[in-house]
Each structure stands twice: as C-alpha cells, then as structure tokens.
Amino acid sequence: MVFDLFKSRRRARLRAKPPPPEWREILARNLHVFTRLSAADQAELLGHTQVFLAEKHFEGAGGLELTDEIRVTIAGQACLLLLHRETDYYPELITIIVYPSGYTAREDRHIGGGIWEEGDEDRLGHTGLRLSALVLAWDAVRHGAAAPTDGENLVLHEFAHQLDFENQSSDGTPALETRGDYMAWARVMSAEFNALRYATEAGVPTLLDEYGATNPAEFFAVITETFFERPRALQKRHPRLYAELARFYHQDPTTYSVEPALAD
C-alpha cells in the first residue's frame, strides 16, 4: 500500500507538471482529433502522456532513431483510451519497440490437430499476454494518426489488447467494474461477434473489419478502432455495441470525431 500511495502521488505530480510546449504541437500536428477535444480533455491527455512517457521504455529497432515526435505520437494515441477512466497505465506493458516500417517475425503456427509449423510472418505491430512488450511500425503509426476516419489505427488496436490483458487474460473482455457489467458485456459482445463471423463467412460487407471475426480478443481490438475512428457509423449501425463501448471508455467520440456526419 505504501508503494501504491507513492506511485499515485508521483503520477499526480507528473500530470500536474506543465508539458513541454512542443508536445502539444506534436499532438496537434499528428493526432487530428486532439484539437477537437475540450480544453479539459486536452489537458488530461497531456497529463496522461507525461505519466506514460515517464514509465514506459521505448526502443528503436531496424535502424530507427527514436525522437519525441515518435514517442509523443504513440503515447498520445495510447492515452486517448485512458481519458475519463481510473487507470494504471497499461500495467502489463514495460517496453515499446518501434520499427521504421513493417517487419518480419519468426513464429510457430498451429495448423491443426497436434501439428505446428515454423515460418515467417510480416507484421505492422504485435503484443501478447505476459509478453510485457509491444511492437509498432512507425509508418503505420503515422498513417493511423493521419487518417482518423478509416476505421484502422494500429496504436488503438494494440493498446486495446493491453487493456484486455489487465484481468490476466486475452479473451476480449477487459477488466469491468461489476458483475452486472460483465453480464451486459457478454450478451452484447457475443451477439455482435457471432454476427460478424456469420457476415464474414457469407461474404457480406460489414462496417467492422473482418479481422475481428478471428477471435474475441481481436474483436475487442477491432471494435475499439471503429469506436474511436468511425463512431457515428458504429452508433447508427450497432447501437448496443456503441453503448457498451461508451460505457467502458467513458467517452462519446461522436462529440470530437472528424468523421463526416451521416445522412439520415
């Protein structure tokens, strides 16, 4: 408890400290929704960014030289998921590794039964339960921040996985507050996940990226991307799903999204 009190006080001091002016400029330039946030939310996001950058270790890979532009652009997007919520700042995460662009990873893949094969996989990002690290491709990070209405954002996707890990599992259900919250979440997410699976199998176009049909963990990451990038479309086409995410994230992105208004 003494450690928790020390941590809370240290974080409060970091949030209260005036951020470097260039950090605000980086977020205004690279995170298009930043200037559409209220003044209070901008201040909260900058405060969270200060804590995040003080606690997480960044490493450049593939010859990438890290800069404040890279760190702040990533941190700002990651901290957008933390607004208005009690947070422990992605406690399972220690290190963020950044490549200049997509990279190739060697991995074992389960192909059925008791058979596994080893092979290369091209990636833009990755994280995993108990991995304590998260990998990102910088060009994909920049694209995700610069195209805030295409429904695809690598940072939001990978950090949604980190939120999923906070209850020591990777099942598409982040840590919720009450038993009732878990029951409501399960009802909505199960129905929506199955609907996406059926649509994907039938070849029916969907608002949600079909990658979300892979498993519940990827479903949560994909719907998080859509919630923040195409909130108006999500609210109109999947109102129960939108309401559940708004309750979890304590946000209504329709109030600051750059997504065009939808026709009635």
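Colleague: Which residues of H7 are buried?

Modeller: In helix H7, Ala184, Trp185, Val188, Met189, Glu192, Phe193, Leu196 and Ala199 are buried (under 20% relative accessible area with a 1.4 Å probe, protein chains only; over 50% is exposed, in between partly exposed). This is a predicted model: local features need pLDDT of at least 70, side-chain atom pairs count only at pLDDT 80 or more, and totals for chains, interfaces and linings use all residues. Residues are numbered from 1 along each chain as its sequence is written, and side-chain values use heavy atoms, leaving out hydrogens and water.

Colleague: What do the buried residues of H7 pack against?

Modeller: Helix H8 (216-229) and helix H10 (239-249). Helices (H or I, at least four residues) and strands (E, at least two) are DSSP runs, numbered from the N terminus.

Colleague: Switching to H4. How many of its residues are buried?

Modeller: 10 of 13, so H4 is largely enclosed by the rest of the structure. Among them are Ile70, Ile74, Gln77 and Cys79. H4 (68-80) reaches 18 Å from its first C-alpha to its last, close to the expected 18 Å.

Colleague: And at what angle do the axes of H2 and H4 cross?

Modeller: Roughly 65 degrees, with the axes of H2 (21-30) and H4 coming within 9 Å. The two helices are therefore roughly perpendicular (65 to 115 degrees; under 35 is roughly parallel, over 145 roughly antiparallel, the rest oblique). Axes are lines fitted to C-alpha atoms, for helices over the stretch in contact, with angles from 0 to 180 degrees between N-to-C directions. Trp23, Ile26, Leu27, Arg29 and Asn30 of H2 make the contact with Asp68, Glu69, Val72, Thr73 and Gly76 of H4 (heavy atoms within 4.5 Å).

Colleague: New topic. What is the strand order in the sheet?

Modeller: E1-E2-E6-E5, an open sheet with mixed pairing; pairing takes at least two DSSP bridges. Strands E1 (57-60) and E5 (125-127) are at the edges with a single partner each, so one side of each has no neighbour in the sheet. The average twist is 15 degrees from one strand to the next.

Colleague: Which helix packs on the sheet, touching E2, E5 and E6?

Modeller: H6 (154-165), whose direction makes about 170 degrees with that of E6 (133-137).

Colleague: How many bridges join E1 and E2?

Modeller: Four, in the parallel sense. His57 has Thr95 as its bridge partner in E2.

Note on methods
The expected span of a helix is 1.5 Å times one less than its number of residues.
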